[in-house]
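Below are my comments on the model, as numbered points. Please read them with the coordinates open.

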Amino acid sequence: MLNAAAFALCIAAAAVSTSCDDVDSERIPAYRVQIALNNAGLWNTYGVGGYGQYRYFIRETRTPANFPFHETTFTGFGGVLLIMGMDPFGEGDIIPLAYDLACPVECKPDIRVAMDDDDLEAVCPVCGSRYNVLMNGGAPVGGPAATGSVKYGLQNYRCLGSPGGGYVIAR
C-alpha cells in the first residue's frame, strides 16, 4: 500500500511525464479505412505522384466522383486526405501519407479540413485550425488545435505498398 509521500511522488512523476507538447492524434472515433489503389493503373489514376499533390476520398459523397467505390471501400470518420509528403516517422523519404479529413477539434464527420494550396496545410473551415500534413504527420500548427492545453493532430492512416505497384490506405 502506498503512503501519502509515495502517492504524491507517483502523481508528480505522472504529471512530468505528460508533456503539454504531446499531440492527441486519436481524438476522432475509430472507423474502418480501406481504399484499394493496389495496382499501377488505379494508383496512376487516383493516387498522388508529386510532392504536395493531394486527393480526397469520401465514400458518402462519392468523392472522387469517378472512383470505383466497392462494398469493401471505407473512408474513415470524415473521409481521407491522401497526399505525397515527407515521411515524418522515418528517414525523410517522399512517400504517400493519409489522414482523416475530420477536424479533431470539431470532431464531426461533416466538418472536414481542406487543403490550403498557398501554404500546403490542411485547414478547418469552422475553427480555423491548421495542420502540417506534408512533413509533420498532421500535427497542428495554428488555431485551437495548436493552442489548447491538449493539442489535436489529424488521425494518421497507413499507406501500404502492394506488389501490383500501388498502395492500400488502411487503418
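**Notes on the salt bridges and sheets**

1. Salt bridges join Asp116, Asp119, Glu121 and Arg130 into a network. The model is a predicted one, and a search of the whole structure returns 3 salt bridges.

2. Asp116 and Arg130 form a salt bridge through their side chains, with an N to O distance of 2.7 Å. Asp116 belongs to strand E7 and Arg130 to strand E9, so this pair ties together parts 14 residues apart in sequence. Arg130 has a relative accessible area of 21% and is partly exposed; the cut-off for buried is under 20%.

3. A salt bridge also connects the side chains of Asp119 and Arg130, at 2.9 Å from N to O. This pair links distant parts of the chain, since Asp119 sits in the loop between E7 and E8 and Arg130 in strand E9, 11 residues apart. Asp119 is partly exposed, at 48% relative accessibility.

4. Glu121 makes a salt bridge with Arg130 as well, and the closest N and O atoms are 2.7 Å apart. Is Glu121 buried or exposed? Its relative accessible area is 18%, so Glu121 counts as buried, given the limit of under 20%.

5. The strands named above belong to an open sheet of 4 strands, ordered E7-E8-E9-E10 and paired in the antiparallel sense. Its edge strands, each pairing on one side only, are E7 (114–116) and E10 (139–142). Ignoring direction, neighbouring strands of this sheet are turned by 45° against each other on average. Strand E8 (residues 121–123) and strand E9 (residues 130–132) are joined by 2 bridges in the antiparallel sense. Arg130 in E9 is the bridge partner of Val123.

6. A further open sheet has 7 strands in the order E3-E5-E6-E12-E13-E2-E4, with antiparallel pairing. Strand E3 (54–57) and strand E4 (74–75) are the edges, each pairing on one side only. E3 pairs with strand E5 (residues 80–86) over 4 bridges, in the antiparallel sense. Within this pairing, Leu82 in E5 is the bridge partner of Arg55.

7. Tyr51, Ile94 and Met135 make a nonpolar surface patch of about 300 Å². Ile94 is located in strand E6 (residues 94–100) and is partly exposed, with a relative accessible area of 47%.

8. Where does Lys151 lie? Lys151 is in strand E11 (residues 151–152). Lys151 is buried, at 17% relative accessible area. A polar atom of the Lys151 side chain is 3.2 Å from the backbone oxygen of Gly148.

Key: Residues are numbered from 1 along each chain as its sequence is written. This is a predicted model: local features need pLDDT of at least 70, side-chain atom pairs count only at pLDDT 80 or more; totals for chains, interfaces and linings use all residues. Side-chain values use heavy atoms; hydrogens and water are left out. Two strands pair if DSSP finds at least two bridges between them. Axes are lines fitted to C-alpha atoms, for helices over the stretch in contact, and angles run from 0 to 180 degrees between N-to-C directions. Buried means under 20% relative accessible area, exposed over 50%, partly exposed in between (1.4 Å probe, protein chains only). A polar contact is a pair of N or O atoms within 3.5 Å; within protein, one must be able to donate a hydrogen and the other to accept it, and residues adjacent in sequence count only if both atoms are side-chain atoms. Patches are made of residues with over 30% relative accessible area and no salt bridge: like charges are joined within 9 Å, nonpolar side chains (Val, Leu, Ile, Met, Phe, Trp, Tyr) within 5 Å. Accessible areas come from the Shrake-Rupley method with a 1.4 Å probe; for residues, only the protein chains shown count as cover. A salt bridge is a side-chain nitrogen of Lys or Arg within 4 Å of a carboxyl oxygen of Asp or Glu.
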